[in-house]
Structures are given as C-alpha cells and as structure tokens.
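Subject: Structure handover

Hello,

Here is the structure for your files. My notes on it follow below.

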Amino acid sequence: GGRPRHAFIGIGFRERPEAYDFQAALHDHMKYLHKMRAAEEMEHHYQQSCSVDYSLKEGETLVLDLKTKGGGGGSIRSKFFELGLSKLSLDEGGEGDYKQVSNGIMLPPPPPAPPVVLSPVLS
C-alpha cells in the first residue's frame, strides 16, 4: 500500500569531539534552514501586504528643506571651502621658503628632518 516507510540510521564515532562536531554541524544546518524558511515567509507576507510604490515617477522631483544648527538660513560652508583650500596646489609658484596657493595664502615650509645620531664605531 500507500503507507510511507521510514528508518532510523545510527552513526558511530570513535572519539567524542568528532561526534560533538557532527552534532553541532547538523544543529547549525537546521538553524540555517529555519532562518531561510522564516525569511521566505516574511518576503511572501511583505509582497502580499505592501503594494504601495514609493518610487519617483518620470519627471517627478523631491525637494528637501534642511535646517542647520546655526539657526540662520542660507548656506553655511566650512572655513576650508571659504578659504579655497579645497583647491590647494603646491605646483603654483611662490617665492622664498613659503609656497603660495591659488588664493594668496602663504604656507610655511615643512619642518626640517630630525638630526641623525651616529653611534661611535669601536675599533
């Protein structure tokens, strides 16, 4: 007949750590299968319950009005951009030990190299 059959299979290990590793691997795989099943159920539920399309349509724009912490309106830019340091270039010429950048700010020369201490050689 139509009666299903099943059988239990036993696996023996010589060492206890090997048996434990096998049991842990089976447990991890069962957890993985359970999480996959739950994720599929959540995705199926989401697809059926959430049919709202939030994407922007052709030609539609989004305008954001962001308030700054300064309290004043308008554009607040950092000193870095106000001074033009974002366009910093050491290729542009300057005179003397100072390098001049594009907006007229003079940069000091780099610090000197540390002195090299030579240990006396014993002969």
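From the N terminus on, the elements run α-α-β-β. That makes 2 helices and 2 strands in the protein. Helices are DSSP runs of H or I with at least four residues, strands are E runs of at least two, and both are numbered from the N terminus.

This is a predicted model: local features need pLDDT of at least 70, side-chain atom pairs count only at pLDDT 80 or more, and totals for chains, interfaces and linings use all residues. Residues are numbered from 1 along each chain as its sequence is written, and side-chain values use heavy atoms, with hydrogens and water left out.

Confidence. The mean pLDDT (the predictor's confidence in each residue, from 0 to 100) is 77, and 66% of the residues reach 70 or more. Helix 1 has the highest mean among the elements, at 93. Strand 1 (residues 99-100) has the lowest, at 57.

The protein has 123 residues, and 2% of them count as buried. Buried means under 20% relative accessible area, exposed over 50%, partly exposed in between (1.4 Å probe, protein chains only). Take contacts (heavy atoms within 4.5 Å) between residues at least 6 apart in sequence: 0% join residues at least 24 apart. The accessible surface comes to about 12700 Å² (Shrake-Rupley method, 1.4 Å probe; for residues, only the protein chains shown count as cover). Carbon and sulfur atoms hold 58% of that surface.

Nonpolar patch. Ile9, Ile11, Phe13, Phe22 and Leu26 make a nonpolar surface patch of about 510 Å². Patch residues have over 30% relative accessible area and no salt bridge; nonpolar side chains (Val, Leu, Ile, Met, Phe, Trp, Tyr) are joined within 5 Å, like charges within 9 Å. Ile9 lies in the segment before helix 1 (16-49). Its relative accessibility is 76%, so Ile9 counts as exposed.

Aromatic pair. The structure holds 1. Phe13 and Phe22 have ring centres 5.4 Å apart and planes at 45°, so the pair is tilted. The rule: rings of Phe, Tyr and Trp (its six-membered ring) pair with centres within 6.5 Å; planes under 30 degrees apart are stacked, over 60 edge-to-face, the rest tilted. Phe13 is partly exposed at 35% relative accessibility. Phe22 is partly exposed, at 35% as well.

Salt bridge. The count is 1, taking a side-chain nitrogen of Lys or Arg within 4 Å of a carboxyl oxygen of Asp or Glu. Lys67 pairs with Asp65, with the closest N and O atoms 3.7 Å apart. Both Lys67 and Asp65 are exposed.

Best regards
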